[in-house]
Amino acid sequence: MSSTVLLGLELAYWQQTAIRVLVGLTALLLLTGGVVYLYLFKFVSFMQSRLGPMEAGPFGSLQLLAEVGKWLQKEDIAPDRADKFIFGLAPAVVLASTFLMFVVIPAGPNAVIADLHTGIYFALAVSSLSVIGVLMAGWASANKYSLMGALRAGGQLIAYELPLILSVVGVVIMAGSLNLQDIVAAQANGAIFGWDGIGNPFILSQFVGFVIFMIAVQAELTQSPFDMPIAESELVAGYQVEYSGIKFLVYFIAEFATAVAFAAIASTLFLGGWDLPASWGIGDGAMHVIGPINISIKAVLLVGVVFWARFSLPRFREDQLQALAWKVLIPLSLANIVLTSIFKVAF
Amino acid sequence: MLLNQFLLLSAILFCIGVYGVIVRRNGVLVLMSIEIILNAVNINLVVFSTYWGIGGQVFALFIISIAAAEVGVGLAIVLLIYRNRRSIDIDELDELKG
Amino acid sequence: MTGLVALLAQVGTEAQVDTTFDVPANVVFAVTAVFMIVAALRVVTTKNIVHAALWLIIVLGGVGVQYLLLQAEFVAVTQFLVYLGAIVVLILFGVMLTRAPLGVSTDLDNDLKPLGIGAGLVLAVVMGFALIQSFGADQLDFRAYDSALGLDDPQTAAAGRTGAVADGIFGQYLIPFEMISVLLLAALIGAIVLARRD
């Protein structure tokens, strides 16, 4: 615990943690930027038969930097009647909730900021904190559209928190642990009816859980078809309407970083995470390199699914959204838990 | 760490919560003061679980879930009062007084 | 008062004698405790109802940190999930659905302030005196606690403590646990019946 040898260097615990946080933050921002370029700029453009940004850098690949530069130059305005302190604090709360999710996601045998024994439980707990920031933003803006957007967001995030957590319970029962490294190991070492060629990724046995998880993630991200909280045509931009400049940029980063975080959690829970099946016989040394690449590819592909749905489906009505959560997803995930427990005991 | 530093902290929080329950007249603020009291009790339970086994932590978890139920029902009542009277001042709810 | 002074004196000597006195944990405790007490005082005195709910977040988060210091990881994460993620959000939601003006409201307090201060102070003195009398400068000893749970290996002790909570809930305390489920169901139905418009 006190010191570990890394690349021949003896590092104290705080030095290791500092390195992990820095590397994790860099990887997170790079992945988020890549996802924004790949999907928000290019993927949607091709779906709509246009080229998307082409000017900044080759194929417009530096467009995101140009956008960030634009936002940083803009004046940071707060409404006159706003509660200025809470108005400024709200984006920070949302961003902190996003960054805390990355603390427990493993990207290799040793590449995790904190290997908590309650890993997945912790990630879901901190992901639920972002709604506090949303409510703070909506109230402090002194704008009725903001407040209505925040109330819609609050109702939606609470409603979809339940299927999100309940769909994970099936995986936890299968793996017998809340720790994400244990869940990864359970999939790498597992076998499907005695055949261990691809391990046992839980997407096969927990397909219902996977689908519920991804739908709930879509709603937690307030992405279309669940984007009533920021519906442009009804509420201008919901709780974000008064934000400009760097504070809006923080919301933007938080939204896409949360998408990456949920995709990384989903690939860890359902697609085997960073590890390759144990029967392929790849040693720990190689996995230090392959692991981060492996989980990045899986996460980026899953974010693609989220964006595919976002750009294809029209918006739900508010009552349809609540009905979907309470009348379909929650009963389904409860049934999934019961069936999983029965099969776990039976086999 | 001392046992008493946690117990004294929870005692102080408990007293602040009691003050809030007595002084506040807004229904939601009374609920918040009750949450402070419940949390003070929970700190006590978790501290004593290091003495007498895991039961304290289990009961802390039970209290957290009961607090969630209490807030759910409490807020439903507050919303109902607001809908009927356009005010959530609990000191005005004395119509049943004989 | 003399009890408190004696306690402080004992703390000072314990710090020098006992080599296991954990400085970082005590610093974290002290900082969090100050934040929690200030925030709790603001909850019961602030003139803005949304600010009260936001100060309550600091109190509840601080309680979660205290659970972590007490090595109750599962309870701490549950505190963050249920209290911060659900209860505070529900309170904010309820406040904003009813009446949440920006700025200062004057009608949040009644005129029982002297009674409130009196009751709080009397309780604080009685409880403080009783606690210092009964527990003095007793040390928390997690090693004895872990070996009582059969967790002598420090590497696996944290996971074992979470496991011990699970064993407790689904073993010795199964009946209370089932009672809680019935209670939650009743609360769910009750809240729906109260809040529905018909």
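Visitor: How many residues make up the contact between chain A and chain C?
Guide: Chain A gives 23 residues and chain C gives 22. Two residues count as in contact if their C-beta atoms, placed from the backbone, lie within 7 Å. This is a predicted model, in which local features need pLDDT of at least 70 and side-chain atom pairs count only at pLDDT 80 or more, while totals for chains, interfaces and linings use all residues. Residues are numbered from 1 along each chain as its sequence is written, with chains lettered from A and ligands numbered from 1 in the order in which they are written.

Visitor: Which elements of chain A touch chain C?
Guide: Two or more residues each come from α4 (119-127), α5 (130-140) and α6 (144-175) of chain A. Helices (H or I, at least four residues) and strands (E, at least two) are DSSP runs, numbered from the N terminus. By class, that side of chain A has 16 nonpolar, four polar and three charged residues. Here Ala, Val, Leu, Ile, Met, Phe, Trp, Tyr, Cys and Pro count as nonpolar, Asp, Glu, Lys and Arg as charged, and the others, Gly among them, as polar.

Visitor: How do you know which pair of chains shares the most contacts?
Guide: Of the two pairs of chains in contact, that is chains B and C. Their contact takes 63 residues from chain B and 77 residues from chain C. On the chain B side, α3(B) supplies the largest share, 22 residues. Chain A and chain B do not touch, and their nearest C-alpha atoms are 13 Å apart.

Visitor: Why are α1(B) and α2(C) called roughly parallel?
Guide: α1(B) packs against helix α2 (residues 23-45) of chain C at an angle of about 10°, with their axes 9 Å apart. Axes are lines fitted to C-alpha atoms, for helices over the stretch in contact, and angles run from 0 to 180 degrees between N-to-C directions. Angles under 35 degrees count as roughly parallel, over 145 as roughly antiparallel, 65 to 115 as roughly perpendicular and the rest as oblique. The two helices are therefore roughly parallel. Among the residues that meet are Leu9(B) and Ile12(B) in α1(B), and Phe29(C) and Ala33(C) in α2(C).

Visitor: What makes α1(B) mostly covered?
Guide: In α1(B), 19 of its 21 residues are buried. A residue is buried if 20 or more other C-beta atoms lie within 10 Å of its own, exposed if 12 or fewer, and partly exposed in between, with C-beta atoms placed from the backbone.

Visitor: How are α3(C) and α4(C) oriented to each other?
Guide: Helix α4 (residues 73-98) of chain C packs with α3(C) at an angle of about 175°, their axes 8 Å apart. The pair is therefore roughly antiparallel. Their contact has 18 nonpolar, three polar and one charged residues.

Visitor: Where in chain C is confidence lowest, and where is it highest?
Guide: Confidence is given as pLDDT, scored for each residue from 0 to 100. Helix α1 (residues 2-17) of chain C is lowest, at a mean of 47, and helix α3 (residues 49-69) of chain C is highest, at 90. Chain C averages 79. For the complex, the predictor gives an ipTM of 0.85 and a pTM of 0.84.

Conventions:
pLDDT = per-residue confidence, 0-100.
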